[in-house]
Amino acid sequence: MKLATLANGTRDGRLAVVSRDLAYATDAGGIAKTLQEALDDWTRLAPRLETLAISLEAGSVPRERFREHEALSPLPRAFQWIDGSAYLSHVELVRKARGAAMPPEFFTDPLLYQGGSDAFLAPRAPIRMPDENFGIDFEGEVAVIVKDVPMGADRTEAAASIVLVVIVNDVSLRNLIPAELAKGFGFFQSKPSSAFSPVAVTPDELGIAWDGGRLHLPLLVSRNGVLFGRPDAGAGMNFDFPALIAHAARTRPLGAGTIIGSGTVSNSEADGSPARPVSAGGDGYSCLAEARMVEAMTGGAPATEFLRFGDTVRIEIKNAGGHSVFGAIEQTVEAYGRPVA
């Protein structure tokens with residue numbers, strides 16, 4: 001089953017079921033007006049949404065063309081957004097970039113932080129920033145949305161709580177991060193609004209690509225129409241989603257609609273060395289910071305610039321048949337002008 005939130009002039013949009021090929025949608029308002037409403041009563045409402053999805057595929061319910069540019073993020077705002085950093089190859093590279101070592105506990109204890117979730121960007125909305133010198137970077141990720149998770153949930157309970165999968169552009173402002181983290185109180189200004197894929201997908205829809213905790217498909221990331229990365233989202237994920245969820249729920253319950261991100265998808269070469277760029281026959285990167293660090297290690301200095309006004313990033317996952325699974329996140333960076341009251 002594929003679900004989307006379509007713009008209707010309200011903050012939370014309207015819930016729709018989308019066909020497998022992303023061509024059509026049907027309104028789900030008779031079951032739940034919003035995705036959050038569906039998640040709050042998932043056990044009872046999910047079977048009804050599945051029935052509607054089957055009817056949509058059969059052409060037996062009213063339908064409309066599904067247009068990705070009319071979709072909001074599946075949850076336009078969420079009660080909780082927890083982002084991880086489950087790919088240690090990424091963690092090691094970005095820490096090297098700011099002169100920080102890898103503590104040994106990073107290999108046994110997942111990294112999580114709580115991000116801003118009150119205003120997610122639509123998947124085709126621009127990234128507006130007041131200053132392009134903030135070091136604007138994209139981060140391609142996979143994330144899951146859960147139903148209610150009890151405090152102290154074990155791995156089995158954590159895995160069973162996953163009801164939807166999405167992809168993410170977790171925008172980062174790299175030039176603001178070092179000074180902010182140096183305060184010892186975590187990210188804030190350096191992590192503006194993220195954007196999520198046009199559709200959220202139930203795990204069963206992913207077939208053998210979903211192993212219960214990881215999504216084994218390449219994440220395709222392009223900058224200005226040129227392929228920048230194609231890392232496998234399942235490879236190199238040191239902590240899978242059940243591990244991240246159980247870690248987050250150790251001392252608190254997680255409410256329905258909580259989103260848990262994987263962190264930047266990152267692969268290494270077979271010998272453990274950093275991935276090579278696509279131009280050199282490698283799988284490339286799903287953020288600019290990794291490319292810059294590899295350039296500094298191999299050539300003495302970064303050559304890849306952070307995003308500038310006018311640049312466009314596209315993030316997508318395609319299945320083995322070459323068809324888009326979640327739809328595409330495609331965003332252009334623009335100068336922010338404060339609205340006049």
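**Exercise 1. Determine how many helices and strands the secondary structure of the protein chain comprises.**

Solution. In this predicted model, the protein chain has seven helices and 19 strands.

**Exercise 2. Describe the burial, contacts and surface of the protein chain.**

Solution. Step 1: of the 341 residues, 53% are buried. Step 2: among contacts with a separation of 6 or more, 73% are between residues 24 or more positions apart. Step 3: the accessible surface amounts to about 14,900 Å², and carbon and sulfur atoms contribute 52% of this area.

**Exercise 3. State how far apart the mean positions of the positive and negative charges are.**

Solution. The protein chain carries 32 positive and 41 negative charges. Their mean positions are 3 Å apart.

**Exercise 4. Locate Thr5 and decide whether this residue is buried or exposed.**

Solution. Step 1: Thr5 belongs to strand 1, which spans residues 2-6. Step 2: the relative accessibility of Thr5 is 1%; the cut-off for buried is under 20%, so Thr5 counts as buried. Step 3: a polar atom of the Thr5 side chain lies 2.5 Å from the backbone oxygen of Pro74. Step 4: beyond neighbours within four places in sequence, Thr5 is in contact with residues including Asp12, Gly13, Arg14, Leu35, Glu70 and Pro74.

Conventions: Residues numbered from 1 in each chain as written. Predicted model: local features only at pLDDT ≥ 70, side-chain atom pairs only at ≥ 80, totals over all residues. Heavy atoms only, no water. Helix = DSSP H or I, 4+ residues; strand = E, 2+ residues; numbered from the N terminus. Buried < 20%, exposed > 50% of the residue type's maximum accessible area, 1.4 Å probe, protein only. Contact = heavy atoms within 4.5 Å. Areas by Shrake-Rupley, 256 points an atom, 1.4 Å probe, with all protein chains shown as cover. Lys, Arg positive; Asp, Glu negative; His and termini not counted. Charge placed at Lys NZ, Arg CZ, Asp CG, Glu CD. Polar contact = N/O pair within 3.5 Å; in protein donor to acceptor, adjacent residues only side chain to side chain.
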